[in-house]
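Please read the following report with the sequence and the model side by side.

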Amino acid sequence: MTTRPQLSVVVPFHERQDQLDRLLAGLDRQRLEPDRFELVVADDGSQHAPVVGARRYATRVVRQHDAGFRAAAARNLGARAAVGDVIAFLDQDCVPALDYLQRVAAAAVSPWSLVLGHRLHTDLGGWSGDAVGSWLSGAGAGPPILDEPQWLLDGYARTHDLTEPDPRAYQLVISAVLSMHRDLFDALDGFDESFQAYGGEDWELGHRALVAGADTQWLAEAVAWHDGPDLAGRAADTRDTVEAKNAETLTLAALVPDRDLRGEHLIWSVPDIVVRLSAGGASVATLLASVESLLAGSDAQVWVNEPDAGGRLVATVTDPRIHVGEPQPDVLARARYQVVCDPVLLDGTTLRALCRLAPVATPGLRLTLRRDDTRSARGLPRVADQPWPVDAHVRRLRDAPALERMWQSRPTSAG
């Protein structure tokens, strides 16, 4: 009787059969039993189909037509064809060490698992699959070892191997050595296929996984060898590389609400902070005063829960950050913070400043991390609120303020 493999290795492929041959040499020698994993090669429009040949483990090749660089779509195509409970993505220019899949399979046991292998760098130019196999098996000399990116090591140390929350942990998610439980991959709906150039799709997926409350871990002992240096070591900041990096940053900025990517003073379709404002029958003047206070100095957008009150507010002021009803699912999947509040005025603080303390609460306002909310919804313990800062004040608006008097009383720099 044929058993269903536990783990599916998904490899996006384009043209380089020599790289695939080296990867196959690594898979052929895995310590994980061959009936426990399969290989799915997802060809991104190559002129010639990849050749896999007969292996001891199950294999299949799926293909999409050539429409430019579509690694994100290729990975999704491969994942849809895969049957394993764990999807282990490996780039075609990587070679897994002998125990790589064994370690990944042992770690990705939760339906919310996201684990990252340890990508090391070497120069495999001119190496055949047989030569790589001899090296991995200890029967031949190895290739030259290249420097490992220090920024990644620093990031994994800062996050205790990706097990501790960190607002920029998404930058440590590398698709070349990314493995996920099938349930998490399906819950996230895979990679965002709007990425159609090199880079960024793994950070974006990692960001959504963190917001969704994934169980993340970096496996220092699960090594995969990458052919060539890290991108930062490949070229200087020429005009072409700067333009390529800017294109990646702008694509990411629209989807990942981090100041590293989007600066501080622009309005984007996906905010960092979702504010759910309970109108409670408040007047337009009350709501306007509250919304202005909540939005000040923060990458936030407000959703007013009552259609009538929210509609009157939207009809009064033209601001794309003000909405009526519920936030859209794609916004909730990416926003890092959520505020639930009544009409309030902030004094001595901003929502951006309070985010550094989340979760925090005071009468009329509660600010939480979306990650904490989603993990709590899974039945995990809720993170305890931090002490409210003594110099931050929140005044609940019981009656409509005199807007002109309130605004005229503010200090200005005009003199």
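Buried means under 20% relative accessible area, exposed over 50%, and partly exposed in between, with a 1.4 Å probe and protein chains only as cover. Helices (H or I, at least four residues) and strands (E, at least two) are DSSP runs, numbered from the N terminus. This is a predicted model, in which local features need pLDDT of at least 70 and side-chain atom pairs count only at pLDDT 80 or more, while totals for chains, interfaces and linings use all residues. Residues are numbered from 1 along each chain as its sequence is written, and side-chain values use heavy atoms, with hydrogens and water left out.

Helix 14 (residues 370-377) is largely enclosed by the rest of the structure, because seven of its eight residues are buried. Among them are Arg370, Asp372 and Ser376, and the cover over the buried residues of helix 14 includes helix 7 (201-211) and strand 15 (365-369). Just after helix 14, Gly379 takes a positive phi of about 95°.

Helix 7 is also the place of Arg208, whose side chain reaches the backbone oxygen of Leu188 at 2.6 Å. Leaving aside neighbours within four places in sequence, the residues in contact with Arg208 (heavy atoms within 4.5 Å) include Asp192 and Arg334.

Leu231 lies in the loop between strand 8 (215-227) and helix 8 (239-253). The table sets out the accessibility of two residues.

| Residue | Relative accessibility | Class |
|---|---|---|
| Arg208 | 6% | buried |
| Leu231 | 40% | partly exposed |

Key
A polar contact is a pair of N or O atoms within 3.5 Å; within protein, one must be able to donate a hydrogen and the other to accept it, and residues adjacent in sequence count only if both atoms are side-chain atoms.
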